[in-house]
Amino acid sequence: MAQVVTAAETLEDKLTQELGYDDHFHEHHHGDKYQSNFLTTYIFSTDHKIIGRQFLITGIFWAFVGAAMSIVFRLQLGFPEADLAWLKPLLGKWIQVNDAGIGKLDPEFYYSLVTMHGTILVFFVLTAGLSGTFSNILIPLQVGARDMASPLLNAFSYWFFFLAGVVMLLSLFLSTGPFSGGWTAYPPLSALGQASDGSKAGMTMWIVSMSLFVVSALLGGINYITTVLNLRTKGMNMWRMPLTIWAFFITAILGVLSFPVLFSGLLLLIFDRSMGTSFYLSEIVVGGQILDRIGGSPILYQHLFWFLGHPEVYIIILPAMGIVSEVLSVHSRKPIFGYRAMVYSILAIAFLSFIVWAHHMFMSGVNPFISNFFVVFTLIIAVPSAIKVFNWISTVYGSNFRFNSASLFALGFVSMFISGGLTGIFLGNSAIDIQLHDTYFVVAHFHIVMGIAAFFGMFAGIYHWFPKMFGRFMNETLGKIHFWGTLVGAYAIFWPMHYTGMAGVPRRYYSIENFDSFRHFVDLNQFITIAAIVVFFLQVLFIINFFYSVFSGRKLTTKNPWGANTLEWTTPIQPGHGNWPDKIPAVQRWPYDYGKDGEEYMPQYVPLRDGEHDHGH
Amino acid sequence: MGAVSSPEFSRNKIHPHKFALWVGIASIMMMFGAFTSAYVVRRSAGNWLEFKLPDIFFFNTVVIILSSVTLHYAYRSFKKGNEKLFKALLLTTFVLGISFVILQYKGWEALNTIGATFTINPSSSFIYVISGLHAAHVLGGVAALLVALAHAFILPFKPTVRRRQRLELVVQYWHFVDVLWVYLIMFFMVQS
């Protein structure tokens, strides 16, 4: 086996030398002035591989914070009678201890926790942590570029994200608490400081943080698009790009077109909050006081918000889809089924995502006839989504599947995406929404389809590309425990929520004990909380595995441990600045030639044989 | 900025930085698209204060179009190697750009005088916010022009590929803020 690997590597070097693209890289860099000390190498780096890892580790930090918040509010929901005084050292005044010594979560802070959980997970973890990480690490490596189109702007992209995180983190320590009006920040609640404590300084910092985040997303997106379109290596035409790249590329386009609209909405909100305008505020009475605002429309904010908000859920899920396509194909040792259909369905989903935003607003008073339009287009999204699911299943079907942590999480993604996608068909109907809107059914739907599913895609990507990022493997046993525990645990958390939601249990409520009709859900609520705690500790296990493996994992000894076709595995085990020490390999074929003509795999740099058909044309 | 920006690296017809600027322009257009759509949606909801846009905004449109023309000829003289004309026209563009921002401020003052204040009704609030944000983008362009001026007057005149590409980025962005204003003023005209 070892001999075969050596032979393949010599062939690779030979082909790269003969056919590779020579950009005179080695003549420009005598010694690496960009990575000369610790600070420029690991902190203020402009190298896409470091920036990707910065996104990843920051994302892991935020995932831990956001998940811990959900455990605190789940404790309140599942065990409303329990004594939470033990959390006082951590949460201080947000735990109210009564005369009997029983500690309770402050209701106002409960809303803050729900709001922060949503904001952090949607933006900081599943946008920056997922697409930021993998777009950075994989785009230049897989298209065959030395770095991003503008490495400097790329570094800014990370640092704006970092700053956004700092501002959001600081808002947790305000005496009036962080913002508490829900991650969507609907006015008038978000526009008026008088409305609630969280809408005071907490909301101001929320807007500042989100504006910094928009800048980060735009700088990143502009770079990803330009790199994919302009810096592909010789022979890498668009139809030879791995599906990961297609997914990151379309994700970036969605971000560049939708985040500015969020910024517009937030800017008008800032003026309403601080300058006395009435874009979103109509005649309004707060706490018995009549305000002098007239003529605004809160629905206008919802339109602007969801014009970002809906593409945003695809910004979250498309990178996961791309990663899953690649991981499933590599570990099935089979070509991806329906490559072009996969690309076209990504394009179709991206297009449709811009014309379905009002399905988040069926119940906010939009015209029912306009709703029909949005219902139809929402349901059409099921078509490209189903195409992708069938293609993943067909890729795995009949394959000699390698069961490892990466491929299991990719399979788990498909399972979650089907389960969550089906409930999307329920919720896309405006009539059914009359019963289901703002219930736990919605919570179950989006947590499964874009929360857990995107996390599974992210985990698949981390386990799969960990050797490329850190030159070591993660522990497989811990990885498999992580997978099976999380798969079962995630369904245990969210499956029961469909039932409580169908019965009408509203989301975001501090307590449902006082409703007679929901009293029989007490046990189910406890069960959900216990499952959430178990799943939380399984993620802690993952974090331990991650950091342990960074320093002490099994070392990578060959360049291409999975036998994959894509270009990132042709770089040295620890690629330096510029990724390839000499020439960039030229691409000769599409990336999915697995099990073809008796060869287990054919990397992209291997020329076509006589009479061989190339899928990339 | 590392290996990528050296011209011999790129095998493409369009320089990556230029393409990146186009993508950035697309995202700015989305932002202003959002504002003008919000304007239309909000206007159709009624309770809308009607007023006539002060003439100064139309006069100012001429100023910014003129600045685009001077910049275009500045770029042409740069390519032809006409140093004096290039410097003069670049400076004119810069002065026109600054004048535009000052005149916009005068326009907001004129709006205030006719009673269309910032907070009285969304119809006037929108004008301030949209034209203000546009002015912020023009100021960004003025800053870019300032860098181009510094290059023109401090560095020795050499129409190299690299210098031309840098100038092209400034030209591209400046024409964009010009066209953006023409769109906005036409939008306000059609709407009022």
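Start by selecting Thr423(A): leaving out residues up to four places away in sequence, it touches Phe441(A), Ala444(A), His445(A) and His498(A). Touching, or being in contact, is used here for residues whose C-beta atoms, placed from the backbone, lie within 7 Å.

A word on the model before moving on. This is a predicted model, in which local features need pLDDT of at least 70 and side-chain atom pairs count only at pLDDT 80 or more, while totals for chains, interfaces and linings use all residues. Residues are numbered from 1 along each chain as its sequence is written, and chains are lettered from A, with ligands numbered from 1, in the order in which they are written.

**Stop 1: around Thr423(A)**

Now colour helix α14 of chain A, residues 405-427, where Thr423(A) is found. Helices here are DSSP runs of H or I with at least four residues, strands are runs of E with at least two, and both are numbered from the N terminus. Is Thr423(A) buried or exposed? Thr423(A) is buried, because 20 other C-beta atoms lie within 10 Å; the cut-offs are 20 or more for buried, 12 or fewer for exposed, and partly exposed in between. For a distance check, pick Ser371(A): its C-alpha atom is 18 Å from that of Thr423(A), and the two are 52 residues apart along the chain.

**Stop 2: the nonpolar cores**

Next, select Val324(A), Phe413(A), Ala453(A) and Ala460(A), which touch the most other members of the largest nonpolar core, a set of 195 residues. Such a core consists of buried Ala, Val, Leu, Ile, Met, Phe, Trp, Tyr and Cys residues joined through C-beta atoms within 7 Å. Zoom in on Ala453(A): apart from neighbours within four places in sequence, its contacts are Ile317(A), Ala320(A), Phe413(A), Met416(A), Phe417(A), Gly420(A) and Ile448(A). Then jump to chain B for members of a second, separate core of 23 residues, including Leu71(B), Leu89(B), Leu90(B) and Trp181(B).

**Stop 3: where the chains meet**

Show both chains together: 43 residues of chain A are in contact with 33 residues of chain B. On the chain A side, two or more residues come from each of α2 (25-28), α7 (151-171), α8 (201-230), α9 (243-274) and α10 (298-332). Highlight α9(A), which gives the largest share, 9 residues.

**Stop 4: chain A as a whole**

Finally, zoom out to chain A, with its 18 helices and 6 strands. Along its principal axes, the C-alpha trace spans about 80 × 55 × 50 Å. Of its 617 residues, 55% count as buried.

Definitions and conventions: Contact = placed C-beta atoms within 7 Å.
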